[in-house]
Amino acid sequence: MNKYLLLIVLSVLLCSCKSKKVSLAGKDDGALSVSEFIDYFQPLPVPYAVTDTVLRRKEPDAASINYQLFTRLLPDSLLSRYFGAAKPRLFAVGKIGVPNAETYVFIKCVGSGRRMLYVLCFDRKDHYSAAQPVLYSENSSGAWGTAAMDAKYTLSVTRFRKGSDGDVYHTTDDYVYNDAGGFNLIVTESNENKNRVLPVYNPIDTLARKHKFSGDYAQDKRNIVSIRDSKEAGRFYFFVHFEKDNGECKGELKGEAKFVSPGVARYRAYSDPCAVEFMFDGGGVSMKELGGCGVHRDIKCFFEGYFQRRRATRPKSAGKRA
């Protein structure tokens, strides 16, 4: 009888040890796997919706994620793209798992005057596949945002603003994950006036531009290439936005490119089939798509063309106070 009781006690202890989740906040010893990282996140209900108030919310210490652990398991460009050389504080928000398929992990990042909510996607084998920032703290007064995932696992990002007429306007972008390893923008809905053209948001605008090729290049206000310094020599961050055929064909891409010869750089990433070449001369940059960029643009247009370098605008000096 005592023998059976001992076996039962040992079985319970063994199960409880296996089910105990390790902390993500402690020092990274290199032992934690991606699967254990994902398992730490608490499941979120579906459908799930969150407002940008989550960015201002105080998170418990138990939700903290060690920065070195994060950058060991995931590409550090996910953070440096928006936070530069700063090491933001990271917090686990939750996860949504698709049965026998991918898992979506929600992570909050806080640092260098910026707060963001990311959605990271891992495939059915727990390999990192894609990331989509959905909420930002940079919203101006009278503007706010929400993010949601429905029962069909469509990711919706909505931006609201209060117009000068007192009405509230919104724009919603719907994304779905694709097997190629990315989020596809499938539809945009808005109650904005169709004659009003929304400004192009440059997510890397605040990063350093000390390298000789860093700066802004453009054909016009809707077709731009932005180059910023990378923390690694021989590389740079970029953001591209283009609109062709009177806005009927659009594309947008951001990432980190590497110089392969003087004045020639290429973008290739293991998590993205897209490849683009940049060729710099004294007055601008030529861009050429090398293939695989369909998830970042409409089907009938490509990342290509010549963009002239624009002079950096100097901030206006503040007027004297009376």
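Let me begin with a definition: two strands are said to pair if DSSP finds at least two bridges between them. In this predicted model, strand E12, residues 223-229, and strand E13, residues 235-244, run antiparallel and are joined by 6 bridges. One of the residues concerned is aspartate 229, whose bridge partner in E13 is phenylalanine 236. Both strands belong to a closed barrel of 8 strands, which runs E11-E12-E13-E14-E15-E16-E17-E18 with antiparallel pairing. On average, neighbouring strands of this sheet are turned by 30 degrees against each other, direction ignored.

I turn now to the second largest pocket, which holds about 320 Å³ of space. Its lining comprises 13 residues, and among those closest to its centre are Asp205, Asp216 and Ile224. Strand E11 contributes the most to this lining, with 4 residues. By class, the lining has 5 nonpolar, 2 polar and 6 charged residues.

Finally, the charged side chains. In general, side chains of opposite charge can pair when their charged atoms come close. Which residues are linked in a network of salt bridges? They are Asp205, Arg209, Asp216 and Arg228. Within it, aspartate 205 meets arginine 228 at 3.0 Å, N to O. Aspartate 205 lies in the loop between strands E10 and E11 and arginine 228 in strand E12, so this pair ties together parts that are 23 residues apart in sequence. Aspartate 216 also forms a salt bridge with arginine 228, with the closest N and O atoms 3.2 Å apart. Here the pair ties strand E11 to strand E12.

Is arginine 228 buried or exposed? Its relative accessibility is 0%, so arginine 228 counts as buried, whereas aspartate 216, at 25%, is partly exposed.

Key:
Residues numbered from 1 in each chain as written. Predicted model: local features only at pLDDT ≥ 70, side-chain atom pairs only at ≥ 80, totals over all residues. Heavy atoms only, no water. Helix = DSSP H or I, 4+ residues; strand = E, 2+ residues; numbered from the N terminus. Axes fitted to C-alpha atoms, helices over the stretch in contact; angles between N-to-C directions. 1 Å grid on protein atoms, 1.4 Å probe; cavity = no way out; pocket = protein on both sides within 12 Å on 5 of 7 lines; lining within 4 Å. Points joined across faces, edges and corners; volume = space filled by probe spheres on them. Nonpolar A, V, L, I, M, F, W, Y, C, P; charged D, E, K, R; others polar. Salt bridge = Lys/Arg side-chain N within 4 Å of Asp/Glu carboxyl O. Buried < 20%, exposed > 50% of the residue type's maximum accessible area, 1.4 Å probe, protein only.
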